[in-house]
Structure formats: structure tokens, C-alpha cells
Amino acid sequence: MGNAMLLLLPLLSLIMSSGSLALNQDFCVGDLARGDTPAGYPCKPEATVTAEDFCYRGLATTGPTVNPFNIALSSAFSTRFPGVNGLGISAARVDFSPGGIVPLHSHPSGTELIYVVEGTLSAGFISSTSNKVYTSTLRKGDLMVFPQGLLHFQINDNGGGGDGNNATAAMAVSFYSSSNPGLQIMDFALFANNLPTDVLSKVTVLDDLEIRKLKSLFRGTG
């Protein structure tokens, strides 16, 4: 027993010193060139860190369009904004064209708090324990929280009808409890893959024709 404790002492000392270092470290600007890890990006040497590492201007303008959902998305995750690496926070901006939607999706590693900057959105999430749906209409200045890992969505219902009259855009900013919350969009997960149609039909209870149509839309194969 005594010999075993002696062998464990160096390991315990290492763990304690590592924890102390983590607690006493002000920040860990991600070194993106060294690649991501389950614990985040390795830290840049502090001597090379500048004020610009803590600034990000990518949310100032509309991001790339995400088809076929009529939205544009720009993110400030650690993959783009290394200053948030390890700090447990990040953000994203979504611009909704009239009728635009953020389809059912989840963030495996973070809770989302959405703030409506312009327009009106219908939003909601699905409980994983009861499958109960919690929905609300969000207007300018409103907030809604989507718990970590749960499927959720946002819809800009102001499409203006068939003639497009009174159609209005919307914009929202989301904040996350992780520097890289992850993202899985259900439509892409199901129909942008190479799972054979007959297998997908069995596991989704959709007919082959509908699956082939959706695979074509989302550029899946199989």
C-alpha cells in the first residue's frame, strides 16, 4: 500500500499543478493552426497574443446564405474567433429573409440564448424526456433559451403571403454557453448522407420516393 501511494504521488502532484494552472490562467487564445481537440484549441504563447485576438468583426455583416432555408448565418465560435477559446461563450448572427427558417437542429455542447434584433420569429424546442414542444412568438427585444442538446427551430413567418406584400425580414443574435457549441441540422443529418435509401426508409418510416426527393434536395447519395 505504501509503495502504491509513493507511485501515485507524482501523478497527484501533476494533476494538482495542472488544475492550479487552469485556475490561474486568464485566457487561452486558440492556436487555430495546431488544430482543435476535445478540450478546445491549444493556447497561443501569451507573448504572441494581441488585442486583436479578443476582437471579432464577422457579425457586423450578413453571413453566407444557407440553402434551401432562406437564411444567412455568421458565427463567432472558437473556430473563427480564437479569443473565446476555453471561455465557455460564443455567438452567432442569423438573417432571415421573408419566410426564412432555421430548421430543427441541436447544439451538442452548449445552451443557446437567442435575442431578436429585428422582426418577429416563431421559435421553440422539443423536450428529450417527454417530447413536449415549447413554442413562443418572439418580437424585437425578446429572448428565448434553448437548453443544450435539444432540437429547436426559428421561423420568420412574415413571408407576406402569395403576393409577397408586407413581407419583412428578421435578424437575431444568439449566444452560447460554449466556445464551440457544435451544430447538427436534422435535415442534413438525414438526407445529406450516403445511407442507402432502403435503410433510411426503414429507420424514418418515410417512403423511398420521398427520401430520394429529399436526398436530391440536400445532395445526399445512396
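## Val102 in strand β4

Let's start with Val102, which counts as buried because its relative accessibility is 10% (buried means under 20% relative accessible area, exposed over 50%, and partly exposed in between, with a 1.4 Å probe and protein chains only). Val102 sits in strand β4; strands (E, at least two residues) and helices (H or I, at least four) are DSSP runs, numbered from the N terminus.

This is a predicted model, in which local features need pLDDT of at least 70 and side-chain atom pairs count only at pLDDT 80 or more, while totals for chains, interfaces and linings use all residues. Residues are numbered from 1 along each chain as its sequence is written, and side-chain values use heavy atoms, leaving out hydrogens and water.

Which residues does Val102 touch, not counting those up to four places away in sequence? They are Ile71, Val94, Phe96, Phe153 and Gln154, where contact means heavy atoms within 4.5 Å. Asn156 is 54 residues from Val102 along the chain, and their C-alpha atoms are separated by 8.8 Å.

## The sheet around β4

Strand β4 belongs to an open sheet of 5 strands with antiparallel pairing, in the order β7-β6-β9-β4-β11. β7 (133-139) and β11 (184-185) are at the edges with a single partner strand each, so one side of each has no neighbour in the sheet. Two strands pair if DSSP finds at least two bridges between them.

Strand β4 (residues 101-106) pairs with strand β9 (residues 152-155) in the antiparallel sense, over 3 bridges. In this pairing, His105 stands opposite His152 of β9.

## Ser127 in a loop

Now to the loop between β6 (120-126) and β7, where Ser127 lies. Ser127 is buried, with a relative accessible area of 10%. Leaving aside neighbours within four places in sequence, Ser127 is in contact with Lys132, Tyr134 and Leu150. A polar atom of the Ser127 side chain lies 3.3 Å from the backbone nitrogen of Ser130.

## The two faces of helix α3

Helix α3 (residues 197-204) has Thr197, Leu200 and Ser201 as its buried residues. They cover an arc of only 105 degrees around the axis, so they lie on the same side of α3; the arc is that of the directions from the helix axis to the C-beta atoms. An α-helix has 3.6 residues a turn, so residues three or four places apart point the same way.

What do the buried residues of α3 pack against? Their partners are α2 (186-191) and α4 (208-218). The face turned away from the buried side carries the exposed residues Lys202 and Val203. After α3 comes Val205, with a positive phi near 60 degrees.

Methods. A polar contact is a pair of N or O atoms within 3.5 Å; within protein, one must be able to donate a hydrogen and the other to accept it, and residues adjacent in sequence count only if both atoms are side-chain atoms.
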